[in-house]
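Subject: Structure for you to look at

Hello,

Here is the structure I promised to hand over. Please open it beside this email and follow along.

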Amino acid sequence: MTSRTAPDPARRSERSRTAVLTAAAALVAEIGYGRLTIEAIAARAGVGKQTIYRWWPSKGAVVFDALLAAGEHEGGLALPDTGDLAADLRAVLRPTSDELGDPDTDRTYRALAAEILNDPALHTEYRTRLLDPLLDVTRDRLRSAREAGQIAPDADLDLAVELLYGPLYYRWQYRLGPLTHEHADRLVDAALRALNPPAASRGSVA
């Protein structure tokens, strides 16, 4: 008698989960967040609605997971440390500007931002899985710069990350102007001027 291996429920569940995230990412790009429904995601993924609700409490949670999976953000956030702080920060702010300024993703990001602000559970997910890790790795990079004497020894690192990211997201949120690499570079330069000690306090030699 030929033995048959029983199906692996974990593997089947992972396939279904991947199918749901792939479907959500494709559909939100095709029809936009506002027209997206759990029913449409389920139909595209080939699963039942209850399968989706077993893992995600809302449409926003599915789309957030899909964006993380597509961008490979979760668990992979890191800032370069080349010794050139300005270059390392530009290497983060430039692609962030590109992402926020992309017309294909702008509508989705704006709709999801509203969901995050109004859904406490989704807000917690966003803080825990994306925002806080980003701020943590940025603080770590600034801390190493502070230890190397590249910014003031008493620089407030919590304020520093707000100086870097706050103006960028403010410009994006209120559509105050284009999100260009030049603008990102100016933000880095302005933040570093605020964080750098005067030349005299660095013990410069005339």
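Below is what was found in it, going from the whole chain down to single residues.

**The overall picture**

Keep in mind that this is a predicted model. The chain has 9 helices and 0 strands. Read from the N terminus, its elements therefore run α-α-α-α-α-α-α-α-α. The chain counts 206 residues, and 37% of them are buried. Now take the contacts between residues at least 6 apart in sequence. Of these, 63% join residues at least 24 apart.

**Helix H5 and its two partners**

Start with helix H5, residues 85-101, and helix H8, residues 157-173. How do they pack? Their axes lie 11 Å apart, at an angle of about 15°. Angles under 35 degrees count as roughly parallel, so H5 is roughly parallel to H8. Their crossing is right-handed.

Which residues make this contact? From H5 come Leu89, Val92, Leu93, Thr96, Ser97 and Leu100. From H8 come Leu164, Tyr165, Leu168, Tyr169 and Trp172. Sorted by class, the H5 and H8 contact holds 9 nonpolar residues, 2 polar ones and no charged ones.

H5 also packs on H7. The axes of H5 and H7 come within 11 Å and cross at roughly 170°. Angles over 145 degrees count as roughly antiparallel, so H5 is roughly antiparallel to H7. On the H5 side, the contact uses Leu85, Asp88 and Leu89. On the H7 side, it uses Arg141, Leu142 and Ala145. This contact of H5 with H7 has 4 nonpolar, no polar and 2 charged residues.

Look for Leu89 in your viewer. Leu89 takes part in the contact with H8, and Leu89 also takes part in the contact with H7.

**Salt bridges**

How many salt bridges does the structure hold? There are 14. Three of them are worth a visit.

Begin with arginine 129 and glutamate 125. Their side chains meet in a salt bridge, at 2.8 Å from N to O. Both sit in helix H7, residues 120-147. They are 4 residues apart there, so about one helical turn separates them. Glutamate 125 is partly exposed, at 35%.

Next, go along H7 to aspartate 136 and arginine 139. Their side chains form a salt bridge too, at 2.8 Å from N to O. These two are 3 residues apart in helix H7, so they are separated by about one helical turn. Aspartate 136 has 37% relative accessibility and counts as partly exposed. Arginine 139 has 17% and counts as buried, because buried means under 20%.

Arginine 139 has another partner. Its side chain meets that of aspartate 158 in a salt bridge, at 3.1 Å from N to O. Arginine 139 lies in helix H7 and aspartate 158 in helix H8, so this pair ties together parts that are 19 residues apart in sequence. Aspartate 158 is partly exposed, at 45% relative accessibility.

**Arginine 175**

Now find arginine 175. Where is it? Arginine 175 is in the loop between H8 and helix H9, which covers 181-195. Most residues other than glycine have a negative phi. Arginine 175 has a positive phi of about 50°, although it is not a glycine. At 59% relative accessibility, arginine 175 counts as exposed.

**Isoleucine 116**

Last, go to isoleucine 116, in helix H6, residues 103-118. Isoleucine 116 is buried, at 8% relative accessibility. What does isoleucine 116 touch, leaving out residues up to four places away in sequence? Isoleucine 116 touches Leu122, His123 and Tyr126. Check glycine 60 as well. Isoleucine 116 and glycine 60 are 56 residues apart in sequence. In space, their C-alpha atoms are 7.8 Å apart.

That is the tour.

Best wishes

Conventions:
Residues numbered from 1 in each chain as written. Predicted model: local features only at pLDDT ≥ 70, side-chain atom pairs only at ≥ 80, totals over all residues. Heavy atoms only, no water. Axes fitted to C-alpha atoms, helices over the stretch in contact; angles between N-to-C directions. Parallel < 35°, antiparallel > 145°, perpendicular 65-115°, else oblique. Left-handed = near helix turned anticlockwise from the far one by under 90°. Contact = heavy atoms within 4.5 Å. Nonpolar A, V, L, I, M, F, W, Y, C, P; charged D, E, K, R; others polar. Salt bridge = Lys/Arg side-chain N within 4 Å of Asp/Glu carboxyl O. Buried < 20%, exposed > 50% of the residue type's maximum accessible area, 1.4 Å probe, protein only.
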